[in-house]
Amino acid sequence: MSPAHTPQPPYHLVVFTSTRTDDDLGYAAAAARMMELATEQPGFLGVDTARDRHGLGITVSYWRDEESITAWRRHLEHLAVQDDGRARWYASFAVHVARVERAYRFPSPTP
């Protein structure tokens with residue numbers, strides 16, 4: 001798997017860093033559904049995600065603008081899963097939103 005392919009900046013990103021609980025009941029299906037749903041949202045550009053064996057996870061989603069991020073945050077199905085996450089799946093989490101001003105890759109894409 002390689003990093004998400006994003007357009008030339010500027011664009012925005014959301015970093016969701018979480019620590020999981022031991023309750024996996026329904027988590028995998030909900031996470032898969034959220035990934036599917038996010039890719040259908042206007043302004044979605046891509047995602048990178050990883051989780052270690054201790055339950056620490058980092059998901060970085062890339063978005064065209066802040067309006068797209070706000071619409072995703074307020075999506076009704078996403079709101080319901082956020083509630084489940086707080087109640088069952090996450091011991092803790094942090095969200096950071098930023099504007100990307102510069103980005104580069106290795107290896108660089110060929111023209």
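R99 has a relative accessible area of 46% and is therefore partly exposed (between the limits of under 20% for buried and over 50% for exposed, with a 1.4 Å probe and protein chains only). R99 lies in strand 4, a strand being a DSSP run of E of at least two residues and a helix one of H or I of at least four, numbered from the N terminus. The C-alpha atoms of R99 and H12 are 4.3 Å apart, although 87 residues separate the two in sequence. The model is predicted, so local features need pLDDT of at least 70 and side-chain atom pairs pLDDT 80 or more, while totals for chains, interfaces and linings use all residues. Residues are numbered from 1 along each chain, and side-chain values use heavy atoms, without hydrogens and water.

F93 is also placed in strand 4. With 38% relative accessibility, F93 is partly exposed.

The largest pocket has a volume of about 830 Å³. A pocket is an open set of points on a 1 Å grid over the protein atoms alone, with protein on both sides within 12 Å along at least five of seven lines, and its lining residues have an atom within 4 Å of a point; the volume is the space filled by probe spheres set on the points, which are joined across faces, edges and corners. The lining comprises 31 residues, of which F16, T59, W72, H78 and Y90 are closest to the pocket centre. Elements that give two or more residues to this lining include strand 1 (11–20), helix 1 (27–39) and strand 4 (90–100).

Technical notes: 1 Å grid on protein atoms, 1.4 Å probe; cavity = no way out; pocket = protein on both sides within 12 Å on 5 of 7 lines; lining within 4 Å.
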